[in-house]
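Q: Hi! Could you walk me through this protein in plain words?

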Amino acid sequence: MLLAIDCGNTHLSIGLYQEEQLLGHWRIASISQRTEDEYLVIFSSLLGQKGYSWSGIKDIIFASVVPAVSRNLRLLAVKYLGKEALEITWQTPAGIPIMLEKPEELGPDRLVNAVAALHDFGGPLIIVDLGTATTFDCISAQGEYLGGAIAPGSVISREALFSKAARLAQIELSPPLRAIGRNTAECLRSGIFWGSGGQIDGLVRRMAAEMESRPKVIATGGLAGQIAEYCETIELVEPFLTLRGLALIYRRVECGV
């Protein structure tokens, strides 16, 4: 079995795969100080919940934007599997031409998302990943990674607002009842949700115009399920897009499929 891990700034998304079949998935906090030994205990416990064990893990593949987590996952694989983990970089042979001025600046999670979306839907595409940051990735009809945009995510925007406005109380990130808020909490929820939706729609429409096409728009990421319904342009939510991309790249690199 394959352990696929998407290491973000806030969470680790973990998928257990048998070839392309997702057997189980979990999310844990992204903590830089966790050691390889702690990861073994955590992963073994999660696997046990689904009736699997660490002894059944053949390989680890991961995409990470947190260097300390990357280092400890590499140590985990060497120490407890006796082999190197497959870490995604811009140089990984993922089968997508990267048309950036500096390809090395492309985040591994964004490359992985592009692989999965292109495999499942074909181009042209715009992928919106709603996590700590909200990222936009554009894929041409020919399967080229064209570029995109990075914006603050909803959680970052909320925390920044609260840190600078002492009189605003902390609120839960729950859906608003209406666009016109009638108290402070409603006003904040409206601004966060409808504001995020408007930002996404505006950028997607500008990107589609520059691409001179009608790209399919797919959302993923931890906040996709909450925010997508406030967007007019998002057509589909794929919560496991990144994990699926990791499994596909593993089969391409290691199995030649």
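Here is a chat about the overall fold, the sheets and the surface.

A: Happy to! It is a predicted model, so to speak of local features we need pLDDT of at least 70, while side-chain atom pairs count only at pLDDT 80 or more, and totals for chains, interfaces and linings use all residues. Residues are numbered from 1 along each chain as its sequence is written, and side-chain values use heavy atoms, with hydrogens and water left out.

Q: What share of the residues is buried?
A: Of the 257 residues, 49% count as buried, meaning under 20% relative accessible area with a 1.4 Å probe, protein chains only.

Q: Switching to sheets: what is the strand order in the one with β1?
A: That open sheet of five strands runs β3-β2-β1-β4-β5, with mixed pairing. Two strands pair if DSSP finds at least two bridges between them.

Q: Which strands stand at the edges?
A: β3 and β5 (86–87) do; each has a single partner strand, so one side of each is left without a neighbour in the sheet.

Q: How do β2 and β3 run, parallel or antiparallel?
A: Antiparallel: eight bridges join β2 (residues 11–18) to β3 (residues 21–29). Tyr17, for example, has Leu22 in β3 as its bridge partner. Two residues lie between the strands of this hairpin, where Glu19 takes a positive phi near 55 degrees.

Q: What about β4 and β5?
A: Strand β4 (residues 59–64) runs parallel to β5, and two bridges join them. Ile61 stands opposite Leu86 in β5.

Q: And what is the order in the sheet with β6?
A: This open sheet of five strands goes β8-β7-β6-β9-β10, with mixed pairing. Its edge strands are β8 (145–152) and β10 (236–237), each pairing on one side only. β7 (residues 133–139) pairs with β8 in the antiparallel sense over seven bridges, and Ala133 has Pro152 in β8 as its bridge partner.

Definitions and conventions. Helix = DSSP H or I, 4+ residues; strand = E, 2+ residues; numbered from the N terminus. Buried < 20%, exposed > 50% of the residue type's maximum accessible area, 1.4 Å probe, protein only.
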